[in-house]
Amino acid sequence: MGRFGLLFASALALIQPVSAAQVQLQLSCSGAVLEARGSATVKRTIDKLRVVLRLEAQDTSASGALLQLQQRLDAVRRSLQSLQVQELRVTSPSVWQRPGAAGQPAQFEASSQVSGQLVPAQLQSLISQVGGLPGVRLAPVEAQADPSGDAAANRQLLQAAYRDALQRGQMLAAALGLNTLRPLQVQSDGGVRPAPLPAMARAMPAPAPFDPRELSEPTDQLSLEVTFCATP
C-alpha cells in the first residue's frame, strides 16, 4: 500500500466512532498541527424524474370545488398511469373560501398535490399531456440518480475529497519546511444535489420538445476538514 493508501486508510478509521481515550491519543502531535479542507463533486447519470404537481379547482360551494377537484384528479391520474408513473402519491385535499369581488359570490378553492417518478423519456409527454390539463401546476422536475450507485459514488467522493485535502496540507507543510503528514481527525459533510427543471404552470407543447438530456445531472458533493500532524 502506497503512502496515500496508508493515509487514506487512517482517515477512514478516524471517521468511525471512537472513545474519548482514543481521540486524545490520535490528536497528540509532536510537530505542527495543520488543517486543510478538501472537496469533490461527482456527476451521475439521470435514472428517474421526480414529478410534483399541484391540482386546483374552484366553485361557489365547497362541495362543488371538491367534486371538480376529484374529477380533475381522475384525469391527471389516468394520464400519469399511461406514462407508467411509479410511486404515485396523492395528498388529502384542502378547501378554503376566497372572498368574491364586489357583487360576486365568494369562491371556494380546493387543492391537492400529486407526486411520482417517471423515466426521463417521458418528460415531453408529461409536459404536453399532463401539464396542459385544467387546474394543473407543475413544480420543478428533479433529476434523480440510481440509488444502487450511491455506495460507489460515496467511495469516489471520499477518496477524491481526501486527496484534495492531503495535497493542500502538503503544500502548507512544505511552506513550513515540513514533509511528513499524519491525519489526526477527519470531519465530512455532503450529499446529493438534485437538478431541477424550472417550474412550469399549464405548460403547452413547444415546437421543439423538452429533452431530458438537457437536464443537469444529479450531483453528489462532499467536503472534508482534515487535521494533520506535520513533522520534518
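Me: In this predicted model, at what angle do the axes of α3 and helix α4 cross?
Reply: Helix α4 comprises residues 123-130. The axes of α3 and α4 come within 10 Å of each other, and their crossing angle is roughly 160°.

Me: Are α3 and α4 roughly parallel or roughly antiparallel to each other?
Reply: The axes cross at roughly 160°. Angles over 145 degrees count as roughly antiparallel. The two helices are therefore roughly antiparallel.

Me: What is the handedness of the crossing of α3 with α4, and which residues make the contact?
Reply: α3 passes α4 in a right-handed crossing. On the α3 side the contact is made by Val76, Ser79, Leu80 and Ser82. On the α4 side it is made by Leu126, Gln129 and Val130.

Me: Which residues of α4 are buried?
Reply: α4 is mostly covered, with 6 of its 8 residues buried. Buried here means under 20% relative accessible area. The residues concerned are Leu123, Gln124, Ser125, Leu126, Ile127 and Val130.

Me: What span is expected of α3 at 1.5 Å a residue?
Reply: α3 has 21 residues. The expected span is 1.5 Å times one less than the number of residues. From its first C-alpha to its last, α3 reaches 30 Å, close to the expected value, which is 30 Å.

Me: Which elements are included in what covers the buried residues of α3?
Reply: The buried residues of α3 are Gly64, Ala65, Leu69, Arg72, Leu73, Val76, Ser79 and Leu80. Their cover includes β2 (48-59), β3, β5 (107-118), α4 and β6 (136-138).

Me: Is leucine 80 buried or exposed, and which residues does leucine 80 touch?
Reply: Leucine 80 lies in helix α3 and is buried, with a relative accessible area of 3%. Its C-alpha atom is 9.9 Å from that of valine 114, 34 residues apart along the chain. Leaving aside residues up to four places away in sequence, leucine 80 touches Leu53, Val85, Leu88, Val114, Leu126 and Val130.

Me: What is the phi of glutamine 84, and is this residue buried or exposed?
Reply: Glutamine 84 is in the loop between α3 (62-82) and β3 (86-90). Most residues other than glycine have a negative phi. Glutamine 84, however, has a positive phi of about 60°. With a relative accessible area of 61%, glutamine 84 is exposed.

Me: What is the relative accessibility of glutamate 87?
Reply: Glutamate 87 lies in strand β3. Its phi is positive, near 50°, although the residue is not glycine. Exposed means over 50% relative accessible area, and glutamate 87 counts as exposed at 53%.

Me: How far apart are the end C-alpha atoms of helix α5?
Reply: Helix α5 runs over residues 150-175 and has 26 residues. At 1.5 Å a residue, α5 should span 38 Å. The distance between its end C-alpha atoms agrees with this, at 38 Å.

Me: Which residue with a positive phi follows α5?
Reply: The buried residues of α5 include Leu157, Tyr162 and Ala173. Beyond the helix comes a residue whose phi is near 80°, namely glycine 177.

Definitions and conventions: Residues numbered from 1 in each chain as written. Predicted model: local features only at pLDDT ≥ 70, side-chain atom pairs only at ≥ 80, totals over all residues. Heavy atoms only, no water. Helix = DSSP H or I, 4+ residues; strand = E, 2+ residues; numbered from the N terminus. Buried < 20%, exposed > 50% of the residue type's maximum accessible area, 1.4 Å probe, protein only. Contact = heavy atoms within 4.5 Å. Axes fitted to C-alpha atoms, helices over the stretch in contact; angles between N-to-C directions. Parallel < 35°, antiparallel > 145°, perpendicular 65-115°, else oblique. Left-handed = near helix turned anticlockwise from the far one by under 90°.
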